[in-house]
Amino acid sequence: MSDFHHARLDWDDQGQPLSREFDDVYFSPVSGIEETRHVFIAGNDLARRFAGLPAGGRFTLGETGFGTGLNFLCTWQLFEREAPQDARLHFVSVEKFPLTRDDLRRALALWPELAPLADPLLDQYLAVHPGFQRFNLADGRVTLTLLIGDALDCLPELDAPIDAWFLDGFAPAKNPEMWSPALFAQLARLSHPGTTLATFTAAGFVRRALKDAGFAIRRTPGFGKKWEMSQGRYEGPARTDGKPWFARPDFVPARREALVIGAGLAGCASAASLAARGWQVTLLERHDAPAREASGNPQGVLYLKLSAHGTPLSRLILSGFGHTRRLLQRLRPGSDWQPCGVLQLAFDDKEAQRQAKLADAFPSDLLRPLDRAEAEALAGVELPAGGLFYPEAGWVHPPALCRALVAHPRIRLVTHREALELRREHGQWQALAGNDLIAEAPVVVLAGAAEVTRFPQAAGLALKRIRGQISRLPATADSARLATVVCAEGYVAPPREGEHTLGASFDFHATDLEPSVAEHAGNLQLLEEISPDLVRRLNAENLDPATLEGRAAFRCTTPDYLPIVGPLADADAFAEAYAVLARDSRQVPDVPAPWHEGLYLNSAHGSRGLITAPLAGELLAAWLDDEPLPVPRSVAEACHPNRFALRRLIRGQKG
């Protein structure tokens, strides 16, 4: 990841971008937009195919080489014109060297007619870092998934049923890796019989390699000075899921109606992702409003706890951070969120060594090391050490994000109703409290943190509760100079509405939620470790912990610290279906997973819910609607509910 950088461009006399890396143009100097329409849009017969989509239909495009986004915007423009109003477009594109936001704006300004689409893309084009990056546009009608990295690293991790391909890397002579048999094998893996492709090149070795991969290829008239281009159709075998316990369930409800239980961040995000796809959602909440429990703190921090080793959790956090950061563009800065940056102090030698590895592994626009003087100048207060600064991060008022997510005409929020029982009758999941039927739908999403285990279908999941308490400190004129979130073992944020949020404690044993004086005192001790200067500015040494305001809530986490997102299987039937794994873990029985039809989970986000829960809503919707997954397949599997049952079988454990 350390070799990642943005595209390095030169601009010619006509204001058109040229790649310094590949010494090649991004599009035809004659007319980039007409080239796109001839080669890719007409080459894949998209106008007819978009117009022929059924109501509520979906079309998924794959592209090698996002470049300036011209192909994407032209496709979106055509989709708006030709497709049914409730159809959805998924566009998945891989790009090793993404343009900076300023370069993208400059390039797209060449086509004023695309401005109505380019402007919303530019508004969302931030926090674009290595890995999978998800963009939701046109009120959810258009989804862009950018895979930032080398195509031969990213495409093997993509799980997406592609209907048409744009092969638009730089010219084969300049960038041969983008035209290799290994890459074409990935295109074939992601295609189905009838998937089409188009490309500007008619090079013989490209056509031969595509044929070998299972595509029927023909040469057709090219654009401008290029006499010929290539069009193709996949005629090879249909793809199959390798591991049945992680396969996509084939259940399709008769009606697109869903019941989401729990209106914290995970539940609100799940409801929002489904509503954007045309689902009618009933969101059940036992309190009087969303975000009354762990999602109810006045300030939460976009804190990226990353690993230099590319673990599934680290990759989920990197993708989730970008997705949440784009969502926050909807909120009001100042009261709902603040992109003030987050400073993680190097508070001891071990932490300093960890940070040095991260600084080597990640690009400087995501995180950068600061010495003590630089950190103090940026934070506005004296600090005991320097650290790592995340310039795009900041704090969020989680209830505001929850409210924004559920403000959708297809979401019906039902408060003061607690589901105590869940049963399936006549193809419907019913939520009950005693004999009282609260709501029913063919699909249900359990999003109530550790409370999900009250339902027998989820009782075997490995969840643990951790009590956390925050303290609210009245800001002073001096403390208000704090200009960024500062973290050590705890965190303190710049003031929101006249108060700093300080926290948070971790208690694995407490079972009540009454704020405790001892934990207020512990939070003040965390503040002392972050900045004795800030303690003085807040006059905190004279504060009586017994008089402090605050709140406590239960976080929910798992033994591997990854959330649980996806479809739920019947635990006993699962153990029986895959019992052979206890004897030989390399076996892959040809047995479909015994799913609870229409039952899904989004839970266990721990203290990272702001970063992981919104993207988990997208992942959940992708499982439900058979869409491109918004994370690498390995990350989706690492978050899958079935991972625990699988491990128990392989380790030969009961239950």
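**View 1. Helix α3 meets helix α5.** Helix α3 (residues 70-82) packs against helix α5 (residues 115-124) at an angle of about 125°, and their axes lie 10 Å apart. Axes here are lines fitted to C-alpha atoms, for helices over the stretch in contact, with angles running from 0 to 180 degrees between N-to-C directions. The two helices are therefore oblique to each other (angles under 35 degrees count as roughly parallel, over 145 as roughly antiparallel, 65 to 115 as roughly perpendicular and the rest as oblique). From α3, Phe 72, Leu 73, Trp 76 and Gln 77 make the contact, and from α5, Leu 117, Ala 118, Pro 120 and Leu 121 (contact means heavy atoms within 4.5 Å).

A word on the model: it is predicted, local features need pLDDT of at least 70, side-chain atom pairs count only at pLDDT 80 or more, and totals for chains, interfaces and linings use all residues. Residues are numbered from 1 along each chain as its sequence is written, and side-chain values use heavy atoms, leaving out hydrogens and water.

View 2. Strand β21 (residues 421-425) pairs with β22 in the antiparallel sense over five bridges (two strands pair if DSSP finds at least two bridges between them). Glu 421 stands opposite Leu 432 in β22. Two residues separate the strands of this hairpin, and His 426 in the turn has a positive phi of about 55°.

**View 3. Strand β22 continues to β23.** Five bridges also join β22 to strand β23 (residues 436-441), in the antiparallel sense. Trp 429 has Ala 441 of β23 as its bridge partner. In the two-residue turn of this hairpin, Gly 434 has a positive phi of about 65°.

Key:
Helix = DSSP H or I, 4+ residues; strand = E, 2+ residues; numbered from the N terminus.
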